[in-house]
Amino acid sequence: MAHTIFSYLICASVLTLPQISAVGNYPLNVWPKPTTFQWTQPQAILLSPDFTISAPAHRYLGPAVQRYLRQVLTEHHGPLVTPLLNLTSSPPLKALVIAISDPSATLTHGVNESYTLTIPSTGDDAVLKAGTAWGAMRGLESFSQLVFSNPSRVACGLYISDTPLFVHRGVMLDTSRNYYGVEDLLRLIRALSMNKLNVFHWHITDSHSFPIVVPSEPELAAKGAYGEEMTYTAADVKTVVEYGMNYGVRVVPEIDMPAHTGSWAEAYPEIVACANKFWWPAEAVWDDRFAAEPGTGQLNPLNPKTYEVVKNVVHDVVAMFPDQLYHAGADEITPNCWKIDPLVQSFLAKNGTLSQILEMFINSTLPYIIALNRTVVYWEDVLLDANVKVNPSLLPPENIILQSWNNGPNNTKRIVDSGYRAIVSSSDFYYLDCGHGDFLGNNSQYDLPPGTDQGKGGSWCGPFKTWQTIYNYDITYGLTEAESKLVIGGEVALWSEQADPTVMDPRIWPRASAMAEALWSGNRDETGNKRSVEATDRLNEWRYRMVTRGIGAEPIQPLWCIKNPGMCNTVHPM
């Protein structure tokens with residue numbers, strides 16, 4: 001097969017490196033840790049001034065090759081702990097040759113991301129073999145992380161064979177409660193790709209704002225967005241989706257409904273129940289609230305106009321997002337919001353139930369989405385909510401994936417026991433917004449006498465989820481081997497009540513990196529023991545490299561710790 005050659009020139013000179021101790025199992029590491037990493041005699045080899053990367057012609061792999069070639073020759077990364085690697089006496093490495101067995105494979109759910117990477121110490125060509133262009137991108141990322149110093153050199157005499165444990169590995173970002181510019185979403189995609197994560201779950205709309213411009217329903221954004229400058233046009237969406245393709249990241253849209261739709265009422269007040277109500281009236285007990293938090297409104301399934309608008313929205317969003325998965329929400333139906341609507345009251349007076357109302361909505365919208373050739377993702381509530389849920393007969397497992405967020409591994413088990421595929425986003429482990437308090441303006445929890453137990457600090461899902469908490473979570477915990485096969489992966493989630501672009505990077509990274517490794521190659525070593533202790537120094541190094549690449553990841557330790565290996569651990573149980 002013909003190869004396209006990309007070349008980039010630099011001047012090379014020999015640089016003597018100070019001898020400082022290594023980090024992790026090897027002097028240089030890849031994040032997430034590869035499935036198999038064989039490096040019996042660690043050495044490094046200079047990259048030739050005319051180093052090239054050759055690959056089959058491919059719409060998306062071609063730009064990736066150019067990007068990585070430029071990066072490996074100009075990044076000149078200086079690790080926090082300089083690797084103890086002597087240069088070989090061999091001539092500089094002249095080429096990385098990429099071979100792909102299935103160049104026609106598209107970026108879709110379950111695509112083959114495996115690869116092998118061989119970097120000889122003899123100066124012979126390095127070889128990257130992958131089943132698909134997307135696997136080749138993962139291999140290019142690994143190669144780039146093995147390149148360091150000035151002039152550029154690369155670890156050599158090694159072999160990597162790598163494939164992910166889970167096919168779905170992502171980050172969910174809420175852009176309704178606070179707005180994120182397109183450039184922020186593109187930066188997120190770059191970071192996802194660096195960490196071999198493959199899904200950007202875009203929670204676009206909610207009760208607070210409707211930022212996406214839907215061509216057939218333009219008034220939804222015109223009236224429901226925070227402002228004209230805080231919208232996503234069809235061109236913006238195309239930019240994000242195409243950027244994702246270039247980085248091997250799928251973009252899965254979520255238009256949450258029928259709850260979390262208060263913003264729709266700005267354009268269509270007649271189809272939204274309890275819109276713009278005070279969320280929890282003074283005279284009401286918690287069960288009689290109108291929403292789980294400020295920002296009320298739920299689509300009214302008893303109004304025929306609702307389905308006209310919904311189908312227009314779904315049709316246009318599906319047209320903008322080519323991914324096989326379409327997230328339709330269906331979480332947190334608040335009973336009292338529907339109960340105050342006259343149409344609902346009339347229905348209930350005739351012995352109808354709220355669950356039947358939700359079933360009407362699902363039965364009227366799910367077949368339409370499926371007919372558009374999409375697999376539908378719902379939050380777990382549609383099946384597991386204690387008060388308002390649908391009969392499983394309306395949710396064919398072959399067309400449905402359920403995303404868990406409550407009750408830890410118990411709800412994951414309930415999902416797979418019911419025969420559904422599961423995406424795990426347990427709030428006990430994977431919610432990145434937890435531990436930052438509450439956003440109510442007059443929360444009395446923050447005015448208690450000194451000495452009062454502050455509990456979770458006002459955060460419903462507190463405490464803060466540390467990277468270790470995330471890394472150590474086994475998303476198939478308590479499941480049989482057969483049940484585990486229905487767990488397709490996981491997502492960490494950043495809800496944006498108290499987040500926006502100013503804090504996006506440190507809220508997500510490097511905690512999402514912890515999940516990335518756990519879902520790629522696991523969180524246990526070859527003996528079956530958890531490896532978070534061993535991962536600490538590697539994550540310190542990886543976080544630092546992300547920062548040098550423009551990702552504002554927060555630190556996990558003082559710099560002193562990695563400079564003094566083992567001194568920041570404890571010999572006592574905590």
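Strands here are DSSP runs (E, at least two residues), helices are DSSP runs too (H or I, at least four residues), and both are numbered from the N terminus; two strands count as paired if DSSP finds at least two bridges between them. Everything below comes from a predicted model, where local features need pLDDT of at least 70, side-chain atom pairs count only at pLDDT 80 or more, and totals for chains, interfaces and linings use all residues. Residues are numbered from 1 along each chain as its sequence is written, and side-chain values use heavy atoms, with hydrogens and water left out.

**View A. Eight strands close into a barrel.**

**View B. Strands β17 and β18 run side by side in parallel.**
Residues 400-404 make up β17 and residues 421-424 make up β18, with four bridges joining them. Look for S404, which stands opposite V424 in β18.

**View D. The largest cavity holds about 200 Å³ of space.**
Of its 15 lining residues, L28, N29, R538, E541 and W542 are the closest to the centre. Helix α16 (residues 532-548) gives the largest share of the lining, four residues. By class, that lining has nine nonpolar, three polar and three charged residues (Ala, Val, Leu, Ile, Met, Phe, Trp, Tyr, Cys and Pro count as nonpolar, Asp, Glu, Lys and Arg as charged, and the others, Gly among them, as polar). On a 1 Å grid over the protein atoms alone, a cavity is a set of points where a 1.4 Å probe fits but cannot get out, a pocket is an open set with protein on both sides within 12 Å along at least five of seven lines, and lining residues have an atom within 4 Å of a point. Points are joined across faces, edges and corners, and a volume is the space filled by probe spheres set on them.

**View E. The second largest cavity holds about 40 Å³.**
Its lining includes L107, T108, H109, E113 and R250.
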